[in-house]
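Here is a short briefing to read with the model open beside you. Take a look first, and then we can walk through the strands, the core and the backbone together.

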Amino acid sequence: MKWISITAIATTFMMSCYSQPKQTSPLTVTVQQKETMHTDKKDNPVYSNTDTSKVVLKEEEWKKILSPEVYYIAREKGTERPWTSKFENSKEVGTYYCAACGNPLFKSDTKFESGCGWPSFYEPISKGSIIYAPDHSYGMDRTEVMCGRCKAHLGHVFEDGPPPTGLRYCINGVVLDFQKAKEAEKKYEEKKNG
Ligand SMILES: [Zn+2]
């Protein structure tokens with residue numbers, strides 16, 4: 001009985017990701033924003049924004065170097081609660097990286113407001129940055145997306161996105177690290193200062 005209710009709750013989350021966009025008030029999102037750092041990179045020897053070599057670690061090694069929330073999504077294929085990511089509404093210019101290994105995944109100019117409750121992108125930063133696998137869990141046919149460098153679970157891709165790709169990469173914000181584009185930051189500062 002307990003198992004059935006857990007499955008039902010999980011399916012509800014999955015279905016809300018899958019279903020058509022829902023709107024929420026900006027206030028709700030603001031309240032749920034978290035400023036927590038996802039990984040302590042000092043304790044993560046594989047973390048790099050430039051190293052493209054594949055990362056293969058044992059689960060117990062991942063457990064040691066990732067925070068519990070990143071581990072849960074990246075290694076146990078968990079799903080964060082919708083509307084909880086600080087990136088869901090973010091329009092900042094820059095690059096999104098894998099929080100488990102630092103691999104560049106998405107550029108902010110391919111991010112769009114899907115209204116589904118998770119950060120959404122229409123295209124990965126490069127062909128090799130993401131790998132794909134069929135996912136038939138919870139009675140659904142979906143395509144799982146993983147980090148091309150460390151195989152961290154990121155989320156799923158759906159075929160109801162905007163042009164030019166028509167794809168919607170529905171990504172757990174917990175497994176994303178964001179770095180502002182330096183150029184954009186400079187322009188903003190110049191504008192602010194007159
Ligand atoms: Zn990774």
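Strands here, like helices, are DSSP runs numbered from the N terminus, with at least two residues (E) for a strand and at least four (H or I) for a helix, and two strands pair if DSSP finds at least two bridges between them. Please keep in mind that this is a predicted model, in which local features need pLDDT of at least 70 and side-chain atom pairs count only at pLDDT 80 or more, while totals for chains, interfaces and linings use all residues. Residue numbers start from 1 along each chain as its sequence is written.

**Overall picture**

- The protein chain has 5 helices and 9 strands, and along the sequence they follow the pattern α-α-α-α-β-β-β-β-β-β-β-β-β-α.
- Of the 194 residues in the protein chain, 31% are buried; buried calls for 20 or more other C-beta atoms within 10 Å of the residue's own, exposed for 12 or fewer, and partly exposed lies in between, with C-beta atoms placed from the backbone.
- Among contacts in the protein chain with a separation of 6 or more, 63% link residues 24 or more positions apart; a contact has the two C-beta atoms, placed from the backbone, within 7 Å.

**Confidence**

- The protein chain has a mean pLDDT of 84, with 78% of its residues at 70 or more; pLDDT is the predictor's confidence in each residue, from 0 to 100.
- Residues 6–13 have pLDDT below 50, and this stretch has 4 contacts in the model beyond near neighbours in sequence.
- Residues 15–39 also have pLDDT under 50, and here the model has 36 contacts beyond four places in sequence.
- Where pLDDT is low, predicted coordinates should not be read in detail.

- An open, antiparallel sheet is built from 6 strands in the order 3-4-8-7-6-5.
- Its edge strands, each pairing on one side only, are strand 3 (111–112) and strand 5 (130–135).
- Strand 7 (residues 153–158) is largely enclosed by the rest of the structure, because 5 of its 6 residues are buried.
- On one side, strand 7 is joined antiparallel to strand 6 (residues 142–147) by 4 bridges, with Val-145 partnered by Gly-155.
- Strand 6 and strand 7 form a hairpin with 5 residues between them, and Lys-151 in the turn has a positive phi of about 65°.
- Strand 7 is also joined to strand 8 (residues 168–171), antiparallel and through 4 bridges, and Val-157 stands opposite Tyr-169 there.

- Strand 1 (residues 94–98) runs antiparallel to strand 2, with 3 bridges between them, and Tyr-96 stands opposite Phe-106.

**The nonpolar core**

- The largest nonpolar core holds 36 residues, and Val-70, Cys-98, Ala-100, Ala-152 and Val-175 have the most contacts inside it; such a core is a set of buried Ala, Val, Leu, Ile, Met, Phe, Trp, Tyr and Cys residues joined through C-beta atoms within 7 Å.
- Elements giving two or more residues to this core include helix 3 (59–65), helix 4 (68–74), strand 1 and strand 7; the largest share, 4 residues, comes from helix 4.
- Beyond its neighbours within four places in sequence, Cys-98 has contacts that include Cys-147, Cys-150, Ala-152 and Val-175.

**Loops and backbone details**

- Tyr-47 sits in the loop between helix 2 (26–32) and helix 3, and counts as buried because it has 23 C-beta neighbours inside 10 Å.
- The C-alpha atoms of Tyr-47 and Gly-102 are 5.1 Å apart, although 55 residues separate them along the chain.
- The loop between helix 4 and strand 1 holds Lys-77, a residue with a positive phi of about 55° although not a glycine.
- Trp-83 is also in the loop between helix 4 and strand 1, and its phi is positive too, near 70°.
- The peptide bond from Pro-163 to Pro-164 is cis, with omega near 10°, and Pro-164 lies in the loop between strand 7 and strand 8.
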